[in-house]
Every structure is written in structure tokens, then in C-alpha cells.
Amino acid sequence: YRESPQSAGYNQFYHKEPEGISFCPYRISPLGAHIDHQYGKINGFAIDKGIHIAYSAKMNGVIEVQSVDFPKRAQFHVMSIPDEKVGDWADHLRGAAKELSEKYPLRIGLSAVIEGSLPIGGLSSSAAVIIAFLSALAKVNNIVLDQWEAIMMAKAAENKYVGVNCGKLDQSCEVLCKKNNLLYLDCADDSYELIPKSENMKPFKIAIFFSGLERSLANSDYNLRQDECKAAAYSLLSYAGLPYGKFADTRLRDVPREVFDAYKDRLPEKFARRAEHFFTEIERAEAGAKAWKNGNLDEYGNLVFASGKSSVVNYECGCPELISLYNIMTGTDGIYGGRFSGAGFKGCCMAIIEPDKAEEITRHVGELYLKEYPNLEGKYSSYICNISDGVNL
């Protein structure tokens, strides 16, 4: 690890080399936006940027973590993790440690430095932090996690401790993805397929356009949108005379498409739009898997643009800056398709692009965006990435 920048960061804080480096990639989900928590279907990739944690074991059980992005150091003991969240960035770590400790005895802590290779927001940085940290903490305690264990622990840390009602899209992409494959996951039963890139597919890269705005899902309308989806599902089942259980356990996936078509006009307009997004997005995810399998990048890109439009119109997410970036992308030559990455309440956009036009695309998008938002000069940034393997647990 001696030559790595993460090792240098660790050395700066602790004046020694780390014993290990844990890496979890960021994810993008071109199709299946906002429907994983309703048990929809998603398309996902891991990318070759992510969260690094340089760490060493602490035999006294203390967990001590520095972040390059946040000033406050996190410190707690594996045997006395706070029951309630504290309200800072390290709640993700406490939640992860709590989930791990409920299943396995933890005796050994760690000293660590966390560093992200892209700005925070829209690439599932919170899930990547949790998974990289879980991986490191499991390693020093000689615990071997399987893939679904890691996915569900990371999800539970966000749901139960941090208070974000996320689905399993982020964690699944970051753990299950393979280079040059599309992850096609059904969130209803966790069945998934890794679809290899077709030999006749045109070359592409992933562009990330960071708006310059950082975000916190806990303070956005993220949880409200889920309640609206559940309310739509509950109402539709009731109108159709179909059985329903507790509100908390109801999902739009429980509603047959024909029931939505028959009763959607009875729903309040907002609920109808959320359901419209769900049903059309699940169809786009299915069509996307087919287009990827056939090597049809043009069709795949068109579906991604359509997904972005539905996110704005039907799901009503996306701050003005991200909507502006999306609109610029739709008129930029060399972009096959793009949309917000993540929930869309701040953060970034992703695009599938022609590699030969990467420089021209980043210049064009940046110029138009900063012309509209000159106050974000120095905060806006763009990056070119490749799809990659998920975490090595």
C-alpha cells in the first residue's frame, strides 16, 4: 500500500503505513430510478471511482475514523455503539458497526481514513462508505461476509439508523456488478442477471457532471416520495377490491398494471404521477436489459433520456440545476443518453457517451451550465469514467 495516495493520507494522520485499504466503487443506475423501494426492476453499473478506506486494526476495540471531506473525527467503541444517531456524517459508520455487531461478536476496532475519488452527491457515496467500512471492520475481526449479507447490512444501516428509507439499488450495484456487464436486478425477489456487453456494441464511456451542489437525502423529499408511492398503491388496491395489508408493507409492485390503468383517474394527481413513473420505469428497465443484450446503445440511450424526463415530470424530483444539466445533455452531440444520478435533489448527472467526443462533450456541457449558473464556477466539475467491478469483500 506504500505507493497509494490513500496510504499517504493515512500516514499524514497516524504517522505509519495502513495495514489494509478497502475500496467500494460508486454506482450509476441508468434505468430503474426511484422504483427499487417499490420492488421494481433496475439496471446498474459500478464505476472505476469510489470510496477508499485506509485502515489498521485497534486491539482495544476503539473505532477512530478521519474523513478527508469532513472535519470532525468519529470515535466510538465496538462494545458501546450509540443506540440513536448523532446527526453527523459518521452515523453511516455507527449504523454499519451496529448491524455487524448484532450478527457477529466484535472485539477489534480500527483507525481509518476515508477518502472519496469524486465529489459527494448522486453516486451513492453513503452506501459506498458503509460497504467499504463494513468490509474493513469485518476483515479486522476475521468475519467473512457474503454478498447479500453485505448488501442487506448496508441497507439496514441507512434505513434503521440513519433514517433514509432507501431500497437496495445502491448496495446491489456496488457489490454485485462486474466489469463490462449490466446488472439487471428484480428488487421484488432479489433475482438478478449479469448481462455481458454484446460484441457488436459501440464503445462508450460514462461522463459524470457534478452540479456543484452537495446533498443529504435525509433532508430532501426522498422519504416523502416513497410515502406518495405507497399511498397510490394502497388506494389502487382498495379501488380494485384487492386485499391489502399494512400501509408500511404496501408497494406499487403489488398492483397489477391493468388495475393502475383502470383506476388511475381516481387518484390525486400527485399519486397518479408517482405511479405512472413506476409503471413506465419498470418497462424501461425491462426494455433496457433487452437493448443492452442486443448491443443497441442508441436505443438504450433513448430509454435513459426518457427515464430522466419521467423523473422530472412524473416523479417531480430534480432541483433547477440538475434539470438544467439534463436539458443540456439532451441537446449535446455524442451523448447516447443521460439522467440525474441518484435521487436528483442535488448531486450530479450521468451520461453514456461516445469516447471520441469526450473532450468536446465536457467542454460544451460545462460552458452552457456555467453560463446559466455562473455562481457555481469552481464548484461544478466533470469526470470521465469506465464501468467496473463491484466491491471485493
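Entry 1: I looked up C229 and found it buried, with a relative accessible area of 1%; buried means under 20% relative accessible area, exposed over 50%, and partly exposed in between, with a 1.4 Å probe and protein chains only. I note that this is a predicted model, in which local features need pLDDT of at least 70, side-chain atom pairs count only at pLDDT 80 or more, and totals for chains, interfaces and linings use all residues. Residues are numbered from 1 along each chain as its sequence is written, and side-chain values use heavy atoms, with hydrogens and water left out.

I then searched the whole structure for disulfides (pairs of cysteine sulfur atoms within 2.5 Å) and found zero. C229 is in no disulfide, as the nearest cysteine sulfur, that of C317, is 11 Å away. For C24, the closest cysteine sulfur is in C177, at 10 Å, which is too far for a bond. C24 also counts as buried, at 0% relative accessibility.

**Entry 2: strand 1.** Helices (H or I, at least four residues) and strands (E, at least two) are DSSP runs, numbered from the N terminus. In strand 1 (residues 20-31), I found ten of the twelve residues buried. Strand 1 pairs with strand 2 (residues 41-58) in the antiparallel sense over nine bridges; pairing requires that DSSP finds at least two bridges between the strands. I traced F23 to its bridge partner in strand 2, H52.

**Entry 3: Q226.** I located Q226 in helix 6 (residues 222-239). Is Q226 buried or exposed? Q226 is buried, with a relative accessible area of 5%. Leaving aside neighbours within four places in sequence, Q226 is in contact (heavy atoms within 4.5 Å) with H37, Q38, N165, C166 and Y315.

**Entry 4: nonpolar cores.** I took a nonpolar core to be a set of buried Ala, Val, Leu, Ile, Met, Phe, Trp, Tyr and Cys residues joined through side-chain atoms within 4.5 Å. The largest has 78 residues, among which V65, L93 and F133 touch the most other members. Helix 3 (residues 125-140) supplies the largest share of this core, eleven residues. Beyond its neighbours within four places in sequence, F133 has contacts that include I53, V65, L93 and L110. A second, separate core of 41 residues includes F209, A233, L252 and C319.

**Entry 5: the whole protein.** I counted eleven helices and twelve strands. Buried residues make up 59% of the 393 residues. The C-alpha atoms fill a box of roughly 60 × 55 × 45 Å, taken along the principal axes.
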